[in-house]
Structures are given as C-alpha cells and as structure tokens.
Amino acid sequence: MSARFATWKLISLYRNRGLVTVILGIGALAVIAIVTGRWGAQLLSAATGMELEGVLGEPSTITTWQQWMSNLNQIVLLVVAIWAGYTTFTLRRNGEATGLLTKPLTRTALLHVSWLIPTALTLAIAALGSAAVALITQALYADVEWARLAGSLGLWALSAVVWATIGALGGVLASSTIAAIVIPVVGVLAGGILSAIPALADYSFVGLFPMSTAIVTGPIEPWWAMGTGIAVILIGLWMARARFSREDL
C-alpha cells in the first residue's frame, strides 16, 4: 500500500508541475548565489556608484556558500515546511485516510509517506544544487573545504526535516487550508528570529539556522542543536501519528 501510494505521489508531483517548479527554483537560487558571490560587489558598485569591493571583501567559496545557505534557509526551508503542512492537510480534506484505510499502521504510513516524498525530493534537489555550487566555486577559487561544506549542508538538511515535521503536524491539526499554511510559516519565521538569541541558538534546534552557515568559517558545537532537532522530529512524528490515526474513526 505504501509503495503504491508513494509512486502515485511522485507521479502527482510531476503532473502538477510541483517537482519542476522546485527544480527550477533551486537552480535559480544556486545561480544567484554564484553570481552574487563572484560579482556581487561589482554589481552593487555599478548600481550605487560607490566603491564597495573593498568593503564586501574578496570573492571566495565562503562568501558564495554563505549566500547559498542564506537562500536555502530563507526560501527553501519555508517551502519545505509549507509543502509538508499543505500535503497532510489535503490528505485529510480529500478523505484519502478514510474508507478501507482504517488500520492505524496503514494510516500512519499513508500520513508520513505523503509529506516525506516531497520533503525528500526537495532535499535531494538542494543537495544537487549544493554540489553544483561547490564544484563551480572550486573551479573559480580552488579553495573549497569539502568537509565544512558537507557539514553545512547536513545541518541545513536536519533543520529542513525538523520544520517539515512541524509543518506536517500543523497540517494534521489545522482546521483550514490557510491554517495549514500559516502554522509552518509562523514557525519558521519565529525560529529564525529566536535563533538570534545566543542561548537559544546554542542549546536548541533553532540554532541550526545560523550554524549551517557558521560552520564554513570556523569550528562550532552543534550537538545540542542537533539533539534537540532530532527530539522535535521524533515527538512531532508521534503526535502527528496519534492525531491522524484517530481521525474519522
């Protein structure tokens, strides 16, 4: 049942152009990061008439990657969370969990597959975009530290799964489409704001926001952020399962 539903979900994503939109969007963000990292100072200088190259620093892999991670954190992370929330809400609204699909395990699998498929696809596309950014910056600057970039992407991916889980839980609890979208939006925006507080950034999952960028410039201690992020995922999955498995029974 789960395999057939996953296949149907993939086909649906292709047919409704959602997958194509994500590919084109992340590709555009990768191009923006590369262009901004390499020629951002010159473009700003030309636009403002001020000499900004010395102020903004020399082009490098770090500046390009920081722009790339900023794009992922500010835009793609929001897309992942909203997509998960909207997907689980539409699953409930369309009645796909009722009828013959009444066994708790089957309903749980249906729930998690519904939002894990688009989340996993988005993460995979982001990973390909990251590889492209890294390879191009290596060709431009020859100063790539692969381990740091891999760690940066890993922290971002964990953060994306955390917020996708929160979005999916919001979709299970939401009473309307608007609520299913607003819950993850507010969550991600609030998390970004709270990550500016050092204590929260150091000891909670919201720290994954800045850490995914900071790791490319120096050593960090991400263990509390990673541990609390994993805890949020597990708790969110359990809560979503408990709520969803009892609905309409």
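Colleague: Hi! At roughly what angle do the axes of helix 6 and helix 7 cross?

Modeller: Hello! This is a predicted model, so keep that in mind throughout. In it, the axes of helix 6 (residues 146-173) and helix 7 (residues 177-194) cross at roughly 145°. The two axes come within 8 Å.

Colleague: Is that crossing left-handed or right-handed?

Modeller: The crossing of helix 6 and helix 7 is right-handed.

Colleague: And which residues make the contact?

Modeller: On the helix 6 side you have W163, G167, G170 and G171. Helix 7 brings A180, I183, P184, G187, V188 and G191.

Colleague: How many of those are nonpolar, polar or charged?

Modeller: Five residues in the contact of helix 6 with helix 7 are nonpolar and five are polar, with no charged ones.

Colleague: Okay, new topic. How many salt bridges turn up in a search of the whole structure?

Modeller: The search finds one. E145 forms a salt bridge with R148, and their closest N and O atoms are 3.1 Å apart.

Colleague: Are E145 and R148 buried, partly exposed or exposed?

Modeller: E145 has 46% relative accessibility, so E145 counts as partly exposed. R148 is also partly exposed, at 26% relative accessibility.

Colleague: Let's turn to aromatics. What does the count of aromatic pairs come to?

Modeller: The count comes to three aromatic pairs. One of them joins Y203 and W224. That pair is edge-to-face, with 5.7 Å from centre to centre and 75° between the planes.

Colleague: Where do Y203 and W224 lie?

Modeller: Y203 lies in helix 8 (residues 198-203), while W224 lies in helix 10 (residues 223-246), so the pair ties together parts that are 21 residues apart in sequence.

Colleague: Is W224 buried or exposed?

Modeller: W224 is exposed, because its relative accessible area is 54% and the cut-off for exposed is over 50%.

Colleague: Which residues form an aromatic cluster?

Modeller: W163, F205 and F209 form one cluster.

Colleague: Last one: what about F244? Which helix is F244 found in, and is F244 buried or exposed?

Modeller: F244 is found in helix 10. F244 counts as buried because its relative accessibility is 1%, and buried means under 20%.

Colleague: How many residues apart in sequence are F244 and T88, and what about in space?

Modeller: F244 and T88 are 156 residues apart in sequence. In space, the separation between F244 and T88 is 9.5 Å, C-alpha to C-alpha.

Definitions and conventions: Residues numbered from 1 in each chain as written. Predicted model: local features only at pLDDT ≥ 70, side-chain atom pairs only at ≥ 80, totals over all residues. Heavy atoms only, no water. Axes fitted to C-alpha atoms, helices over the stretch in contact; angles between N-to-C directions. Helix = DSSP H or I, 4+ residues; strand = E, 2+ residues; numbered from the N terminus. Left-handed = near helix turned anticlockwise from the far one by under 90°. Contact = heavy atoms within 4.5 Å. Nonpolar A, V, L, I, M, F, W, Y, C, P; charged D, E, K, R; others polar. Salt bridge = Lys/Arg side-chain N within 4 Å of Asp/Glu carboxyl O. Buried < 20%, exposed > 50% of the residue type's maximum accessible area, 1.4 Å probe, protein only. Phe/Tyr/Trp six-rings, centres within 6.5 Å; stacked < 30°, edge-to-face > 60°.
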